[in-house]
Structures are given as C-alpha cells and as structure tokens.
Amino acid sequence: MKLTSRILVLLISFLGLVYPVVRFVMRDSSYQNWQQWFFESQTLYTVRLTLGLTLISLMLSALIAIPMALWLDQTRTLFARWVRKFLEVFWVFPSFVYVFLVLAVLKLFRVEDIFSLRSVVFAWVLAGVPFIVVTLLTGLRDLDVREREAIQSLGANFWDMLRYFFLPKLKRVIASSFLHQSWLYLTSFSLVVLLSGGPPRETLEVGIYTATRLGHVNYAHALALSLWQILFVLIIRVGLKLLMRSEVKKEIEQVGIEWFSGSSQSYSKKILIGVGGLALSVLFLLPAELRDALITGVTLSGWVSCGVISYALLVYLTGWRGLAEAGAWISPMVLSLAWWSAYGFDYSPILLCFGIQVVLLAPWASRILYPLLDRSRKLEQEALQSIGAHPLRSWLWVEWPRLKQNVFWLAGVIFGLSLAEVSTVILFSRGGFEPLSVWIQNQLMRFQLDQAFYGTLLLMAVSMGAILWVRRDHEAR
Amino acid sequence: MKQDSFFVRNFKVVRPEMAIESDDFLIKAGERLWVHAPSGFGKTSFLRAIAGFEACHGEMGYQNEGGAETLIQALPPHRRQFGILFQDQLLLSHLNATDNVMLALKINKIEGARASERVSTGMKDLGLESRMNAPVTQLSGGERQRVALLRSLIFEPKLLILDEPFRGLDVLSHERMNSFLNKFLEDHPIPMIIISHQPEKCDFELIGESKGNVRKFILRPGTHRS
C-alpha cells in the first residue's frame, strides 16, 4: 500500500511539477548574454513595480488589520461579531468582487483616473485586510486567556499588553500572515490585469501572461520574469518554512484548522434547499453562453476538489508530506506556463487545468487534513480491531465521524477557490473551454461590465452556496 | 508606612446554574484570610470575581487607618493593585524566569538598578539564583511556582491573593516559599487571601457551604492562628 502510493505520488509530482518546470526553463537556450537578459530594463521595471506595490499594500493592510484584529478580539458586541463573520467569509471571495468594490468606491468618490496603480493598491488592501485579520484572530483565540489575565492583574494597561503580551506572543503569526499575504500579492493576476490600466503597469504575474499571450510572444522576457518570480516565491516560502519550524508549527496548523472549522453561521436546511431550487431555476434562465461557462467551471471545480483531497490523502500515506506542499513553492501563472510549454495543446484543456489546480491547491488540503489525521485515535482503533473489526473499518468507525465535516468543508473551500481561479485556466481557454472565471475576466477585458457583474454574482452565489452547504451542520457538531 | 485594609461587602456572583455569596469581611494589613471549600465549589470563581475578571455584585475596596474607603469594584483588573498567584502560575513562555519577574516591575514603572536589585535578591531568597536565565519551559513545577510567587508580590501590591500556592510542592520548595512569604509580609504588611485545601495559618477563614443552588462562604475566626 505504502509502496504503491509512493510510486503514484512520485509519478504525479514528476509529471505535475518537475518535468514541466524543467522543460520550461530548458525551452530556449538562446540567451547569449544572460546578465543583459535577466537584468533587462523592462524586466527590472516590472520587478521594482511588483515589489513596491507589494510593500505599500502590505504596510497599509497591516496598519488597518492589526488594530482591527485586536479590537475584534476584545469586543463582544453584536456589531463586532458580525464584522468577524463577514471577514471570515470575505477572504474567500474571488478577485472580481474586489474589482467591483473598488470600481464602486472610486466612482462614488468621483475619482478621475480609475484604472491606475492606486486602484491596484486599494484592491490589494481590501483583499489583504480580511486575510490578515482572520489569521490574527485565530492566533489571538489561541492565546491563553488566563495568561492574559495574569498580566492584567499585574497592572498592565492596553499598551503594556500590546508590548509585553500580544506582540511577542503573536510575532510569528503576524510574520507568517504577512509572508502569506505578500505571496498572494505577488501571484495576484485578475486584480492587476483589470485595474492597473494595462502595460507597462503590470506586475510579474501579469507580465508573464502578456509576454506569452498578447500580441507577439516574447518567450525570453516571460522566462526572465518567471525566474524573478520563482526567486521571490522561494524567498517567501523559505521564510515561511523557517517560521513554521519548532513550536510555531503547531500554531500555524491551528490557524489552518481554525479557518476551516472555526465558529461561523449555522444555516437551516430549508433556506439552503430554497436557495438550491432558486439557483437551478436561474440556471435555466441564464443566457446559453453564461450557462455553459458556469457548467464548465462547476465541472472543473468539482473534479478539482475531489482530486485535491484524494491527492493529499495519497501523499499522507507515503509519509512524504512535503510533496503535498510542493505546489505552494511556485506561482500559478508560472506553473501554467510550464505546463503549457511541456504539454502544449496536445491534451484536453480541462485535463490540464485539473492537473495544475490539483498540484497548486494540494497545500491547502495538506495544511488542514494532516494535523487532523495526525491526531488519530490509535487506541480506539486497536480496541475495535481486538473485537474483530478490519483496520479499514475500524478507521472508518473511529476517524471518519471526526473527520468528515472537515473533509466536506475543505471540499467546499477548494471548490470555491478553484471556481474563482483565473491564472491557471486562462492560458488553456480555447475551443469552447471557458470556465466561469475566465468568462467573467473576458467580459471585463471587453468592458462589458454588466455581464461581468452578473457573472461575478453568480460565481459568488455558487461558491458560497457550496461552502455553506457542506458546513450546514457544522455548528451542531 | 501603614498599609490599607481590604474589605468586601454584600458579595454575590450570579450565574444561571448557581450563585456564589460571601459574608462581609475586612482584612487588615498583615492579616491572612484562608478560603477553603470542596473542589468545584467555586473558589477560583470567587477569586476571579474579586480580581475583576468576572462580574459580581457588592462592594469592595481599601480602607485606610482613618476609616476612609476607596471603592474598587468598578475598576478594571489592572487598576486594582492586586498581586495574584494563579493556580497554574501562568508565566509567559516566551520570557525567561528573570524577565517574567521583571515584567511586573516594568508594568508598574519600577525600572533601573532598583528593579534589578529587587529581582536578584528575590530570586536568591527563593533559591532560584542558578535558574535566573532559564526559559520558563525548562523550570520544574516548584521553580515555576516560586517565580510566579515572586512576580505576584515584587511590585508591592495592596492585596496578595494566592490560589493553591503550595499545591504539589516538595517539602523543600514549600519551606522556601513559606519562609520567603513570611519575611515579605513582615517587611510589607499587606492583607492576604489564601485559597487552599491545606490548613493554613490565618486570622480568619471563609468556609464554603452549599444551600441548594447558593454556595456561600461563611466567615469564621482562624483555627490555625498565625
């Protein structure tokens, strides 16, 4: 069993990561002067712009998110509870939601130059604040209340608590959330492509896309940008790895679990059935183009969510859990480009998109599932086996009731993330294969805002519906 | 300088499943009140309510020699000037033993050479001089308890509350803590509340008695007078 799973996982890792990336890097060997190529002025401009935007957005997000998280943690009012719940859901929303929010706010304040870098920063801050707040809140929730009270009893006021308790206790959680967030900024695609106003104002992720997709293909430039991006992602991931060593590992894992199993809404079945019925009837009323896009997107995401969980479980069986994390070491656009360069258009686009997304989203599954799987109740399983139960059956009786809600919830989240994913799909979108996310993106590029808006609403409804459906009785548990 | 007395009047904690009440009491500076009751009675809740971490009814505060009272029940926990030794010590795991003690001084704006001297003397008196820079996680249970005791009284609070201070300690640690505590109270006579299952030297006792859903602490003269 272990040997078979190891062979399978090695094969998947080779085909999914190693082979495409090697092919991608080896594709063009005509770079005579590598220094001139790697440090080309246009490349350096994109690198500086990406870093600048990332740093500014990160600082602004931190300035808002840290006080907000502390306030939400200390406040027990109904308003604070709703803000918390809203933020818990808000961070899963697809990029298009932020685009529309930014456009609406800027229109409201009659800002002249809407499509600019300022809008990108605004959108990134909007997207970043919920993520950092939710992470910090889970970190805060993890702190021992009695320890906090002990410091208070010594006479500590708010600033003393912040200085001597919250910041030292949370410094690793804060650092890891910033690193995660900077990684998300670095690999952000839709927000930049839609709000920056087009070339040359583009980040690394968008630069790679433009160099391979729009107009003439400049493969050398795309490769240079990709290598820069790989370098940055590498630095961020190494930073995260270092942070996750030792005792903080538990903290980060706990954060992951909290995200997916924390307190949230309980929704009645009736409402969900009603919403489901309404969604089905809306499906028949949709224009054919949008309905096809929805069905394609839902089919792809459904397969991806099953594939991700199966792959993560398979990797767990091998004992080489680092392999499930491998997808987090590379940006979605670079991996798509690598797959494109390795497999071209010889295979079905849905199969290629499925493969890329399984590799890319597997780290989410591993972070949630592995800590849970690690806490397996071996003694109870052995007790059942001692009365004649097969090991698999004893696992199902003991572990599955404990795990199933998290697995379903994870499937819902992966489904939502996959449904909103653009950068791994856009390169392969052709011949009628146009999932909902790409369809919305294309509408936005053509400035058909009405259609894009309805598409976004539909996408939000479907992904939220999926997430809420799978966690409908989470509270009861 | 003569320290203030501490008093509690009409104390009551109301919860859906039960209520905790207490007789009125006044502990003069240097006096000890021993609180004892069966496990699960609500001793720690009583302590938390007095410390301000749980809501309660009634009045509490300090009374000076002239009889003037300062009520503190409306103050947040950090402004009540209590020193509390919690049952689980609750030391900060990211600091070492000295820093944990020093923290109490920093918070109360006692810094510089005076603070360092006070900490090193206290650590020495408690037999912790070789463990001053040890991370909290590497301290034994008895050592942690002594560090926590030092932290709770080093800033000279106006009331000292000790929750199960000698639980699980070996004879040597018990002796050290006890003699340190006695010496401290001789030098700084402040009112003290001890919550413990063990008989303690005291001037008064609060004994827990259940009457239906009401759990009441009854005040009696101390049976093990100090």
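Because the model is predicted, local features are reported only at pLDDT of at least 70 and side-chain atom pairs only at pLDDT 80 or more, while totals for chains, interfaces and linings use all residues. Residues are numbered from 1 along each chain as its sequence is written, and chains are lettered from A and ligands numbered from 1 in the order in which they are written.

Confidence was examined through pLDDT (the predictor's confidence in each residue, from 0 to 100). The mean pLDDT of chain A is 78, with 84% of its residues at 70 or more. Within chain A, helix H3 (residues 41–74) has the highest confidence, at a mean of 90, and helix H12 (residues 248–261) the lowest, at 41. The pLDDT stays under 50 over residues 246–268 of chain A, a stretch with 40 contacts beyond four places in sequence in the model. A contact here means that the C-beta atoms of two residues, placed from the backbone, lie within 7 Å. Residues 473–477 of chain A also have pLDDT below 50, and this stretch has 4 contacts beyond near neighbours in sequence.

Secondary structure was assigned from DSSP runs numbered from the N terminus (helices, H or I, at least four residues; strands, E, at least two). Chain A has 22 helices and 0 strands, whereas chain B has 5 helices and 11 strands. Of the 477 residues of chain A, 42% count as buried; for chain B, the figure is 42% of 226 residues. A residue is buried if 20 or more other C-beta atoms lie within 10 Å of its own, exposed if 12 or fewer, and partly exposed in between, with C-beta atoms placed from the backbone.

Neighbours within four places in sequence aside, Ala123(A) contacts Tyr98(A), Val99(A), Val102(A), Leu191(A) and Leu195(A).

The contact between the chains takes 14 residues from chain A and 17 residues from chain B. On the side of chain A that touches chain B, two or more residues come from each of helix H7 (145–153) and helix H8 (158–186). H7(A) gives the most to this side, with 6 residues. By class, this side of chain A has 5 nonpolar, 4 polar and 5 charged residues, where Ala, Val, Leu, Ile, Met, Phe, Trp, Tyr, Cys and Pro count as nonpolar, Asp, Glu, Lys and Arg as charged, and the others, Gly among them, as polar. The buried residues of H7(A) are Ala150(A), Ile151(A), Gln152(A) and Ser153(A). These buried residues pack against H8 of chain A together with helix H1 (43–51) and strand S7 of chain B. Gly155(A), which follows H7(A), has a positive phi near 110°.

In chain B, the 13 residues of helix H3 (residues 113–125) should span 18 Å at 1.5 Å a residue, and the end C-alpha atoms are 18 Å apart, which agrees. The expected span is 1.5 Å times one less than the number of residues. Val119(B), Gly122(B) and Met123(B) are buried in H3(B). They lie on the same side of H3(B) because they cover an arc of only 100° around the axis, the arc being that of the directions from the helix axis to the C-beta atoms. Exposed on the other side of H3(B) are Ala113(B), Arg114(B), Glu117(B) and Lys124(B). The buried residues of H3(B) pack against helix H2 (97–107) and helix H4 (141–153) of chain B. H3(B) is followed by Gly127(B), with a positive phi near 75°.

Most residues other than glycine have a negative phi. Arg110(A), not a glycine, has a positive phi of about 50°. Arg110(A) is in the loop between helix H5 (95–108) and H6 of chain A, and is exposed, with 6 other C-beta atoms within 10 Å. Leu90(B), also not a glycine, has a positive phi of about 55°. Leu90(B) is in the loop between strand S7 (82–85) and H2 of chain B, and is buried, with 22 other C-beta atoms within 10 Å.
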